[in-house]
Amino acid sequence: MKLNNPKIKEMRELIAQISAANTAYYRDDRPIMPDRDYDSLVERLAALEEDVGTILSSSPIHSVPDEILSELVPVRHSKPMLSAAKTKSTDDFIRFIDGRPAVLSWKLDGLTLVLRYSNGQLTQAITRGREGIVGEDVTHTVRTFLNVPLSVPFLEEFEVRGEGVISWANFDSINRSLEDPYTHPRGLAAGSTRKLDPAESKKRSLEFLAFDLVTDLGFTRKTEQLDFLAQQGFSVVPHTFFDKDTTPGHIHAIISTMKPNDYAYPVDGLIIEFDDLAYGKSLGATGHHENRLLALKWADDLYETTFEGVELATTRTGMVSITGLFKPVTIDGASVSRAYLHNLDIFDDFQFGLGDTIKVYKSNMIIPQIAENVTQSNIYQLPMTCPCCGEALTVRSSSGGIRQLYCENPHCTAKLIQKFTHFCEKTRMNIEGISATTLEKFIGHGWIHSFGDLYTLEQHREDIIKTEGFGVKSFERLLASIKKSRCCTLAQFIAGLGIPNVGRHAGRDIDQHFHGDWNAFETAIQNGFDFTSLPNFGTTMHSNIYAWYADAEEAKLWRPLLNHITFKKETMNMNPTSNTAFAGKTIVATGKLQNYTRDGINVKILSIGAKPGSSVTKKTDFLIVGDKAGSKLAKAQKLGITILTEAEFEAMLAE
């Protein structure tokens, strides 16, 4: 095999040297080499990049765009991303390949990704997503990975599949800086990749290990595909080739040497697949897995402990989750005291009683599970009231007969998780450290019923610190973020309330009209103010504001908040002295811009004496378009509005 491309290997060595020199010079103010040597390294790296046609994402002589997104965009995969059938028997591995040439590799444990390339450039990175059919576009963060090729010498379109991972060394380094460390690199890798701010993702030292060429480029063997990917600059998962003469004893011996604790990256098993691509494809697939490969999972060690009850939490759908609690037991160096019970049938099957002896394990060495109840006293009574609203719970059965607990109260606060998530977003009230998952836990436990309750979480300190995924340090960070959000602009506040169709742009218009004064805004509603008199406000937005204000249930959410918030003046003001061609005009921006974030372009528009708009109307004067401009572009073309690229916009400013 030809996996080691010496030029790419040299590039990686140069990148490490230049990066170390940058850190020493800029951060530590202690240069480690003369300028001439530094310049020589940079020149050599640039020459190699041009020669090989590959630019790695960690190359210090190229900058990576750092636009902060407001949401992740769904993307449909060109081919479904299916799983692999699983076994815990090495003999099954041997029977599976049946004497055919095969490739054995690690089964990486991170976030599976597909990278798309066109004309030699990385164009898109997509998560596996729901059922492997529709993922999320995470190109903005994948471009910050340490080793992803941003450009490759191969110019035809192709897709490569691999795993976004964090090495154990980098994971341990991150954990050493935290009072409340993460439990496993997989969650850290997945969460970091899906961040909206690539600068935050970049701090996590993520890497991409390729294991499959999705596109048919005419190769006949799996090993040829892996060689091709390595030649393009990808870090390819280490693998072993078994030819048709490899004995079962040799396969056993190789597998016995592949110990997960000795590998640099987290893994949860091994993968074996046929080297003959045509034969593998001929085996077809089920709706769950491809028949060309098989995963070997390690057997789980069981630990004995004592059952101590359950914890209920109401989810956003009304379904109530059941988590089994038990006396803490140490597994793989970590204390474990709880395990999720997937439905009511599973809970009943265990026949729990307080004090029962149970056996627990970590599925795939990660997820705590209850294996069996040795005692089975069957005397534990499951609580049947909602932990959030106190209403009686009901039991629903799915079409497959699976029973789940549900809260049927339509006003149960737990069902309003989306509203709270929206309120806390970075582009609204900017409360960091409180994800949708965290909110679901807090609401499900009954700690939050209104937006105002976010500002009284201190009274639940002890319970929150004990919550999985939280600790003293993370709770203190959350409190600091909440404290910071107490002083906000009226624009942020309006945007966070979740009034239909009244978002950040409309919030800014309201803020400017009422001079950041909430009382003036509320008085205007009470006096029947016509909101269509504001820029870019239509009758629907006008009606939505009045409907929202009159809704008594909505008022229970937002009105307590007024006791905790003070308003500051919006600092984004139009420059009245601008003499550019845009002065006094309304400008809308759409698509992905190269040099501006969404808020950044609006600040720029205001600074040149223009008005930023949120939607294209007859009153719009200019539309600035970036990549993937959609319906706004079509509407502007229909209305005959002047359309500018980002470059044309900046050129007009220069004039």
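Before the first selection, one cut-off: a disulfide here is a pair of cysteine sulfur atoms within 2.5 Å. Keep in mind, too, that you're looking at a predicted model.

**Stop 1: the cysteines**

Select Cys386, Cys389 and Cys407 and show their side chains. How far is the sulfur of Cys386 from the closest cysteine sulfur? That distance is 3.7 Å, to Cys389, so with a limit of 2.5 Å it's too far for a bond. Now move over to Cys407: its closest cysteine sulfur is also in Cys389, at 3.6 Å, and that too is too far for a bond. Under this rule the count of disulfides is zero.

Is Cys386 buried or exposed? Cys386 is buried, at 3% relative accessible area, and Cys407 is buried as well, at 0%.

**Stop 2: the whole chain**

Zoom out and colour by secondary structure. The protein chain has 23 helices and 27 strands. Of its 655 residues, 47% count as buried.

**Stop 3: the largest nonpolar core**

Next, select Ile431, Leu454, Ile510 and Phe521. These are the residues with the most contacts inside the largest nonpolar core, which has 76 residues.

Now centre on Leu454. What does it touch, once neighbours within four places in sequence are set aside? Leu454 is in contact with Phe420, Phe423, Cys424, Ile431, Ile434, Leu439, Ile448 and Ile482.

For a second, separate core, pick out Leu122, Val138, Val152 and Ile166; they are among its 31 residues.

**Stop 4: the cavity**

What do they line? They form the lining of the largest cavity. Strand 4 (102-108) and helix 8 (222-231) are the elements that give two or more residues to that lining. Colour the lining by residue type and you'll get four nonpolar, one polar and two charged.

How much space lies in there? About 30 Å³. With a threshold of 30 Å³ or more, the count for the model is one cavity.

How values were computed
Residues are numbered from 1 along each chain as its sequence is written. This is a predicted model: local features need pLDDT of at least 70, side-chain atom pairs count only at pLDDT 80 or more; totals for chains, interfaces and linings use all residues. Side-chain values use heavy atoms; hydrogens and water are left out. Buried means under 20% relative accessible area, exposed over 50%, partly exposed in between (1.4 Å probe, protein chains only). On a 1 Å grid over the protein atoms alone, a cavity is a set of points where a 1.4 Å probe fits but cannot get out, and a pocket is an open set with protein on both sides within 12 Å along at least five of seven lines; lining residues have an atom within 4 Å of a point. Grid points are joined across faces, edges and corners, and a volume is the space filled by probe spheres set on the points. Helices (H or I, at least four residues) and strands (E, at least two) are DSSP runs, numbered from the N terminus. Ala, Val, Leu, Ile, Met, Phe, Trp, Tyr, Cys and Pro count as nonpolar, Asp, Glu, Lys and Arg as charged, and the others, Gly among them, as polar. A nonpolar core is a set of buried Ala, Val, Leu, Ile, Met, Phe, Trp, Tyr and Cys residues joined through side-chain atoms within 4.5 Å. Contact means heavy atoms within 4.5 Å.
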